[in-house]
Each structure stands twice: as structure tokens, then as C-alpha cells.
Amino acid sequence: MTRSLSLGIEGSANKIGVGVVDQTGAVLSNVRETYITPAGTGFLPRETAIHHSQHVLQLVQRALQEAGVAPAEIDVISYTKGPGMGAPLSVGCTVAKALSLLWGKPLVGVNHCVGHIEMGRVVTQSANPVVLYVSGGNTQVIAYADHRYRIFGETIDIAVGNCLDRVARLLGISNDPAPGYNIEQKAKKGRVYIRLPYTVKGMDMSFSGLLSYVEQLVRHPQFTERGVCDLPDRRRKAQPLTNVPVPPNETFNADDICFSLQETVFAMLIEVTERAMSQVKASDVLVVGGVGCNERLQEMMREMAAERGGRCFDMDQRYCIDNGCMIAYAGVLQFLSGSFTTMADATITQRFRTDEVHVTWRD
């Protein structure tokens with residue numbers, strides 16, 4: 001079988017990544033850089049795009065060098081079309097189009113979510129699992145049917161990763177290497193469980209009320225780490241709340257909030273995922289997306305899958321976190337199935353739903 005090589009560029013959020021893979025999913029290179037902001041802050045589109053533009057060409061060179069291939073050996077250029085932040089997406093799209101013209105290679109625009117799914121399937125060798133996709137911008141429970149990745153449940157407001165990031169900001173937790181990772185480490189030290197809002201509406205989830213509740217917790221008299229709260233001035237000046245239910249006569253700290261937060265939001269995710277598995281009569285589940293690196297989430301998912309007589313497939317940070325390989329692999333699958341992107345159609349879209357993609361490469 002002739003080898004087809006794809007170079008993929010991913011830059012939908014604060015990571016810019018480039019990877020080279022072949023049509024079997026074999027990874028030849030996988031390099032990336034992350035835009036990290038000070039604790040208590042998030043990343044804005046313009047500054048993130050500047051970061052990506054400063055690193056992307058070096059990453060392309062590194063990816064080719066580590067893969068040991070020349071531009072002439074690349075068969076297709078793949079890039080993230082969406083969803084994501086507009087300005088960072090534009091950097092990847094622009095570079096992909098330039099390389100396509102410079103090297104005379106076809107171009108494929110890839111759905112970011114589908115990239116996660118296909119990379120997860122090939123890395124874990126999971127044939128047809130229900131997929132829990134959890135990241136900073138997306139929270140979806142997905143199953144494949146009739147050439148589409150169907151969304152069985154999703155967040156109705158903010159994504160679970162965004163919720164974790166904003167709690168990290170409230171608590172002044174470092175963004176290096178990632179706020180979600182640092183929340184996970186603090187949660188391991190938590191000892192006091194605080195009951196937080198648990199909002200599952202049928203097959204959908206809501207995280208904004210939980211976030212508002214945590215905003216109140218950091219002003220509670222029993223919270224021991226005064227001054228870490230990164231709230232607007234009007235909220236800082238408000239009187240501490242005493243009507244938020246917490247364990248009586250017990251102080252709590254940021255570790256306890258992180259512990260309670262993880263236990264609550266992950267239980268919500270597990271509940272909806274298990275319900276989707278029951279509906280489609282599936283026993284296996286695949287966890288993808290940046291939040292999918294969380295060891296506690298993986299542990300809870302494995303327990304649920306085992307109770308159903310199935311398996312949980314998960315990955316480490318190489319492929320769970322946004323990377324160029326996932327775009328390269330989804331792109332080569334799309335290309336070999338006869339689909340590519342013309343230069344006129346080589347655009348981006350910040351809202352590109354998973355179920356909009358016609359999955360031509362699966363039966």
C-alpha cells in the first residue's frame with residue numbers, strides 16, 4: 001500500500017501544533033507550543049494569534065525535520081477549519097493555504113472535534129465507542145451513525161474546560177502548564193467535600209450555575225484563603241456570604257473547592273455518557289479532548305464502563321491535548337475518501353458543529 005502523508009496544523013485555542021502522520025495513523029512527528037498567561041487571567045484572541053504567528057513556521061520546520069521528510073513527500077496539507085477562536089484559527093488557515101500554494105499540495109479543512117475523535121480511535125484502537133469530548137470550548141457526548149457523529153448530549157452554556165479554567169482564575173491558580181492540570185493536583189489534596197450544584201437536564205449539562213456558586217464560596221467566612229479571589233471590584237466589595245451551604249463548623253480551602261468541583265462535574269459527565277451508552281447499546285467509551293487527560297475523570301469512567309461490562313479508552317497529554325497530528329490524521333482520511341477543500345472554500349468558522357461533518361471514510 002502506498003503511504004500517504006499529511007501535515008496538520010492546529011491552532012483553534014491557546015496551543016499551536018503541527019504534526020505529520022500517514023493514513024494508518026502512524027505518528028512521524030508531533031510538536032506544539034502553548035500560549036501561557038499569568039495566573040488569574042485568560043487568553044484573548046488577538047494575543048493568542050500573535051503567539052501562534054510567531055511560532056507556527058518554526059513548528060512546521062521542526063515537524064518536517066523530526067518526521068524525516070521533505071515537503072515534496074507530503075501528500076496533503078490539513079488545517080483546523082473550526083470550531084475555535086477566530087483570530088488563532090486564521091493563523092493556521094493562512095499558513096496552510098500558503099504551504100498548499102508553495103508546495104503544490106491539496107488542502108483539507110478539518111473539524112476540530114472530528115480530529116479529536118479520529119485520533120482517539122486510531123491511538124486506542126477502539127472501533128466504535130461512545131465518545132465523551134471534553135475541552136475548554138466543547139462538551140459533547142457523541143456516537144457514530146449513518147456517516148455522522150451524532151451529538152447525544154452537550155453543555156447548554158459553558159464547556160466543562162471553560163468552567164475549570166474560570167475557577168482557576170478565581171482561585172489564582174497558575175496557568176502553567178495548564179489550569180485544569182493544576183486544579184487536578186490541588187484536588188488530590190482536598191479533604192472537605194462541599195455539595196455543589198449538580199445540573200443535568202435530560203441529556204444536557206449546565207456548568208454556569210456551578211461556577212457562580214464557587215464565586216460565592218470564595219467569599220464565605222469559612223474559606224481560609226482570603227485575597228485569592230479574582231472577582232470584579234463590585235463583587236470584591238460585597239459582604240461575605242453566609243447562606244451558602246457548606247459543612248458546618250468546618251473551614252475549607254482552595255484544595256477542597258478543587259476536589260469538590262472535580263467530583264461534581266465529572267459525575268455529571270459520567271451520568272450523561274452512561275445514558276448515551278444505554279441508548280445505543282454500547283459497552284465501550286472513548287474520552288478525548290484536553291480535559292480527558294484528567295486521571296480522576298479517567299478513573300471514574302473506567303469504573304462506570306466496567307460495571308457495564310465494557311472498556312474505557314483514554315489517552316495521555318500527547319494526543320488528548322490539542323495537537324497537529326489529530327488534524328493531519330482526520331485530514332488524510334477525508335482526502336483519501338475523495339474530499340478536499342478548494343482555495344476559495346479554505347476559510348474558518350468559529351461555530352462548526354461535530355454533526356455537520358459528512359463522515360465519508362466510515363461505513
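Reader: How many bridges join strand S2 to S3, and do the two run parallel or antiparallel?

Author: This is a predicted model. Strand S2 covers residues 15-22, and valine 18 stands opposite valine 31 in S3. The bridges that join S2 to S3 number seven, and the two strands run antiparallel.

Reader: Which strands stand at the edges of the open sheet?

Author: The open sheet has five strands with mixed pairing, in the order S3-S2-S1-S4-S5. An edge strand has a single partner, so one of its sides is left without a neighbour in the sheet. From one strand to the next, the twist averages 20 degrees. The strands at the edges are S3 (27-34) and S5 (107-111).

Reader: At about what angle does helix H2 run to S4?

Author: Helix H2 is made up of residues 86-103.

Reader: What angle does the direction of helix H3 make with that of S5?

Author: Helix H3, residues 112-124, also packs on the sheet. The strands that H3 touches are S1, S3, S4 and S5. With the direction of S5, that of H3 makes an angle of about 85 degrees.

Reader: Which side chain of opposite charge is nearest to lysine 81, and how far away is it?

Author: Lysine 81 lies in strand S4 and is buried. Its contacts beyond four places in sequence include Leu89, Gly109, Val110, Thr347 and Phe352. Asp345 is also in contact with lysine 81, yet a salt bridge needs a side-chain nitrogen within 4 Å of a carboxyl oxygen, and lysine 81 has none. The nearest side chain of opposite charge is that of aspartate 345, at 7.0 Å.

Reader: Where is proline 83, and what is the omega of the peptide bond from glycine 82 to it?

Author: Proline 83 lies in the loop between S4 and H2. Most peptide bonds are trans. The bond from glycine 82 to proline 83 is cis, with omega near -5 degrees.

Reader: Which residues are joined by a cis peptide bond with omega of about 5 degrees?

Author: The proline of this pair is found in the loop between helix H4 (160-170) and helix H5 (179-187). The cis bond joins aspartate 176 and proline 177.

Reader: Is aspartate 146 buried or exposed?

Author: Aspartate 146 is found in the loop between strand S7 (139-145) and strand S8 (148-154). Its phi is near 55 degrees, a positive value in a residue other than glycine. Its relative accessibility is 62%, and the cut-off for exposed is over 50%. Aspartate 146 therefore counts as exposed.

Reader: What is the phi of histidine 147, and how does its accessibility class it?

Author: Histidine 147 is found in the loop between S7 and S8. Its phi is positive, about 65 degrees, although it is not a glycine. With 26% relative accessibility, histidine 147 counts as partly exposed.

Reader: What is the radius of gyration of the chain?

Author: The chain has eleven helices and twelve strands, and its C-alpha atoms fill a box of roughly 70 × 45 × 30 Å along the principal axes. Of the 363 residues, 55% count as buried. A compact globule with 363 residues would have a radius of gyration near 21 Å. The chain agrees with this, at 21 Å.

How values were computed. Residues numbered from 1 in each chain as written. Predicted model: local features only at pLDDT ≥ 70, side-chain atom pairs only at ≥ 80, totals over all residues. Heavy atoms only, no water. Pairing = 2+ DSSP bridges. Helix = DSSP H or I, 4+ residues; strand = E, 2+ residues; numbered from the N terminus. Axes fitted to C-alpha atoms, helices over the stretch in contact; angles between N-to-C directions. Contact = heavy atoms within 4.5 Å. Buried < 20%, exposed > 50% of the residue type's maximum accessible area, 1.4 Å probe, protein only. Lys, Arg positive; Asp, Glu negative; His and termini not counted. Rg over C-alpha atoms; globule rule 2.2 N^0.38 Å.
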